[in-house]
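User: Please take me through the aromatic contacts and the nonpolar packing of this model, with the criteria behind each term.

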Amino acid sequence: LFVGKGCLTVAGWVIKAAIVATVDNSSIRRDASASDAPSFWGSLVDWVVMGAVTVAARRRLMVMEKEAEGQARQRTIKVVMGGMDLIPAWGFKGMAAAMVGGHLIWDAALVLACATAIYVTLSPPADAPPTFSNALRAVLCGSMGLGVGFAVNTIPSSLFSFSDYFSIAAFTGEVLYAGVITMVAVILQAFLALQAEDTASPLVKALLVFLKTAFNFVAAWAWQGALNLAYNGEGSFCNDQIIGQLIWCFALLAAGATLAFTLANAGSEDPSQFGKDVRNLLVLVVGINIGWAFSDFAAICYSCTPWLAGPLGSWLFACLVAIGVGGVAWLSTRIGENLKRRAVAEFVASGRGSGLGGSLRDSQQSQGA
């Protein structure tokens, strides 16, 4: 599931890049970096088109979640639905980046205020039926976190004037900033969790959920700045760039996989809502940065193939990448489901689940079905 979510990040980026290239009659350009200047209209088209595609897919997944038997299968579908929101999210991020101009604080505040109002007003309840309207509302609300996090992160980035070139001082400053933002996000998770327990208003609960999600993306963007400073994929020759970026991607993937296993073990020891929120924060930060690294790898590969220049070549490249990462996402999800099924079977067979035997066997049978 961890790898699958990162694949959806790459798919969302490459499709958005192809749509922007078509609208602007240009070529795919690297867009994971905060310094890139995106096209507002191209990003708007991507948000609308990919939002419609995601709505259709999400509606089908909502039906599958309602029909699924067993909590493990339902959680898998829910994770996939959450990851799919990253596909149109690149379009909203592009619009947010285009809106954040000279007056960074006011523009970022405007993006945050508008997104918050839309989320609180349109966010569907958790037990909403799988109708077209609810799927549309869910995708619209779920696709704004990436852009809001980017807009908010531009405020401290501009105030502290972070350098675009590596130095020990600049990298140390970026890491300290990202660490502080992450700690603030953890504290915010605890505070908002307490507030959610004390309120019964659906609007207030929707606001608290949006603030948690948006600040998680702020932390993700903060770490992206530090990682970009540590390695930006530059090199004298295409082969050097491709090999260097690929090594960087798999180094981040190995670190992310280690964190994912650690958090999975911690989850069994700390089942509280706060612990779950913190784990979701860390998985999002690491997972989306891995997705950005592979997006940069795809952009470098594209820039090293001049015969793919232009809108037509951009779409050919985007289709190949989307099919590839889609296959990896499907395969990783299937492997995850098989591992869950095997773990349940071993747990029941060992006799350790005697007190929970009935429920575990039901879960195992439902997953097998």
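This is a predicted model: local features need pLDDT of at least 70, side-chain atom pairs count only at pLDDT 80 or more; totals for chains, interfaces and linings use all residues.

Analyst: Residues are numbered from 1 along each chain as its sequence is written, and side-chain values use heavy atoms, with hydrogens and water left out.

User: How are the rings of Trp90 and Trp292 arranged as a pair?

Analyst: Rings of Phe, Tyr and Trp (its six-membered ring) pair if their centres lie within 6.5 Å, and planes under 30 degrees apart count as stacked, over 60 as edge-to-face and the rest as tilted. The structure holds eight aromatic pairs. For Trp90 and Trp292, the centres are 6.4 Å apart and the planes stand at 75 degrees, so the arrangement is edge-to-face.

User: Which helices hold Trp90 and Trp292?

Analyst: Helices are DSSP runs of H or I with at least four residues, numbered from the N terminus. The two residues are 202 residues apart, so that their pair links distant parts of the chain, and they lie in helix H4 (residues 86-99) for Trp90 and helix H11 (residues 273-303) for Trp292.

User: Are Phe150 and Trp221 buried or exposed?

Analyst: Phe150 and Trp221 form an edge-to-face pair, with 5.1 Å from centre to centre and 65 degrees between the planes. Because Phe150 lies in helix H7 (residues 145-160) and Trp221 in helix H9 (residues 202-230), the pair ties together parts that are 71 residues apart in sequence. With buried meaning under 20% relative accessible area, exposed over 50% and partly exposed in between (1.4 Å probe, protein chains only), both Phe150 and Trp221 are buried.

User: Which residues have the most contacts inside the largest nonpolar core?

Analyst: A nonpolar core is a set of buried Ala, Val, Leu, Ile, Met, Phe, Trp, Tyr and Cys residues joined through side-chain atoms within 4.5 Å. The largest has 59 residues, and its largest share, 13 residues, comes from H11. Those with the most contacts inside this core are Trp13, Val14, Leu146, Ile288, Trp292 and Phe317.

User: What is Leu146 in contact with, leaving aside its neighbours within four places in sequence?

Analyst: Contact means heavy atoms within 4.5 Å. With neighbours within four places in sequence set aside, the partners of Leu146 are Ala89, Trp90, Lys93, Phe217, Trp221, Ile288 and Trp292.
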